[in-house]
Amino acid sequence: MPHRPGRARAYPTAPLAPLAAALALALAALLPATAQAHEGHDDAPPPAVRGDAPQRLPDGSVFLPKTSQRQLELRTVVAQPSAQPQSVELPGRVVLDPSTGGRVQAMIAGRIESPAGGLPALGEKVRRGQLLAAIHPSASALELGNQAAQAADFRAQLKVAEKRLARLQSLEATVARKDIEQAEAEVQSLKDRLATLSGSLRYHEELRAPVAGVVATANAIAGQVVDARETLFEIVDPAGLRIEALTFDPRLAARIAAARASAAPGESLALRFVGAGRALREQAIPLHFQVDAQAAQDGGGTLALGQTVTVLAQTRDTVSGAPVPAAALVKNPANQDVVWVKASAERFVPRPVRFVPLDGARVTLTDGVAAGERVVVQGATLLNQVR
């Protein structure tokens, strides 16, 4: 039949049908092989996963490809429950050690004068006995006038006493020796009283460092007028700070085996228990801890006088659980404490857990995680944000 312009030519399709059927069978045979899990992982990603991008699955778990895991620097540890010391969390603050620290206070009211080397700055190292400042005593015009008048009276009495002594010495042959000695004592007494009174008019109180250390507080300015008993300097030894914690349990002091202080998340300093008070303060018993010498040398310089810290006192009681870093704990949308458990190569499941503090950097998981499961201890916060 001749071809007509404007009309598409029809071609027979029957011979292509066997070829299409063969291709379909080949693809069907290949699909099960490509959907199998990687060797060594029994659980494949759920069928709901679409693509290779990180995503939150309908059951609450997270699909995270290996490349994304490396980018987030995820790290896991195997949960191994064991007997761990039970810790008590106490509020504390950094206080001055009375044996290595010192406080400089004004004994009199007056005006601060700077020494030759200037007033010490914050953080400056000082030695024991070093002159920090001087105080010129404050006195009213009436007091100064009375002192000046008294000094003038002493000078007049001294002149009279000296003339009397001179006359007695000239008549030494006819005057008793005791009269001459009495006149000499009176002259010497008037000289001493006049010198003492003149020195009081020029008196300056010297403020010296009671101990060697670092200036932690400096409240002195040249020319500043201060009152008596006002604290002007505080000197501390960074390696000799103490931490004071408060507890409402009077029996806790007898059960403390070790302690650590945490000033920031993930950081802790070893402490040595010094003793407990026997008097209540705000209905609580104060406990004193000394920062360990090595810990003070490594990180004790980060502590500041008056800084609030969290003290974790480890008792002799034990609790069964898996110790993990505190960074493994995150919050879910229901504000529950959860950890992320690696269920397969690229799938992570959140587990609500119960825990107790272990030290400043670790916690003990008492419920929610089984032995042998891998818990995410690094990058859990980023993993928790996958949606």
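## Contacts and overall make-up

Of the contacts in the chain with a separation of 6 or more, 73% are between residues 24 or more positions apart. Contact means heavy atoms within 4.5 Å. This is a predicted model, where local features need pLDDT of at least 70 and side-chain atom pairs count only at pLDDT 80 or more, while totals for chains, interfaces and linings use all residues. Residues are numbered from 1 along each chain as its sequence is written, and side-chain values use heavy atoms, with hydrogens and water left out.

The chain has six helices and 23 strands. These are DSSP runs, numbered from the N terminus: helices are H or I with at least four residues, strands are E with at least two. Of the 387 residues, 33% are buried. Buried means under 20% relative accessible area, exposed means over 50%, and partly exposed is in between (1.4 Å probe, protein chains only). The chain exposes about 23400 Å². Carbon and sulfur atoms supply 54% of that area.

## Salt bridges across the chain

The whole structure holds 15 salt bridges. Each one is a side-chain nitrogen of Lys or Arg within 4 Å of a carboxyl oxygen of Asp or Glu.

One of them joins arginine 93 and glutamate 244, at 3.6 Å from N to O. Arginine 93 is in strand 4 (residues 82-95) and glutamate 244 is in strand 13 (residues 242-247), so this pair links distant parts of the chain, 151 residues apart. Arginine 93 is partly exposed at 39% relative accessibility. Glutamate 244 is buried at 8%.

Another bridge pairs arginine 103 with glutamate 234, at 3.0 Å from N to O. Arginine 103 lies in strand 5 (residues 102-105) and glutamate 234 in strand 12 (residues 231-236), so the pair ties together parts 131 residues apart in sequence. Arginine 103 is partly exposed at 44%, whereas glutamate 234 is buried at 12%.

## A further pair and a network

Arginine 177 and glutamate 172 also form a salt bridge, at 3.8 Å from N to O. Both partners are partly exposed: arginine 177 at 45% and glutamate 172 at 48%. Elsewhere, salt bridges with shared partners join Asp249, Arg251, Arg255 and Asp317 into one network.

## A positive patch

Arg155, Lys159, Lys163, Arg164 and Arg167 gather in a surface patch of positive charge. Patch residues have over 30% relative accessible area and no salt bridge, and like charges are joined within 9 Å. Arginine 155 is in helix 3 (residues 141-170). Its relative accessible area is 40%, so arginine 155 is partly exposed.

Technical notes
Patch = residues over 30% accessible without salt bridge, like charges linked within 9 Å, V, L, I, M, F, W, Y side chains within 5 Å. Areas by Shrake-Rupley, 256 points an atom, 1.4 Å probe, with all protein chains shown as cover. Lys, Arg positive; Asp, Glu negative; His and termini not counted. Charge placed at Lys NZ, Arg CZ, Asp CG, Glu CD.
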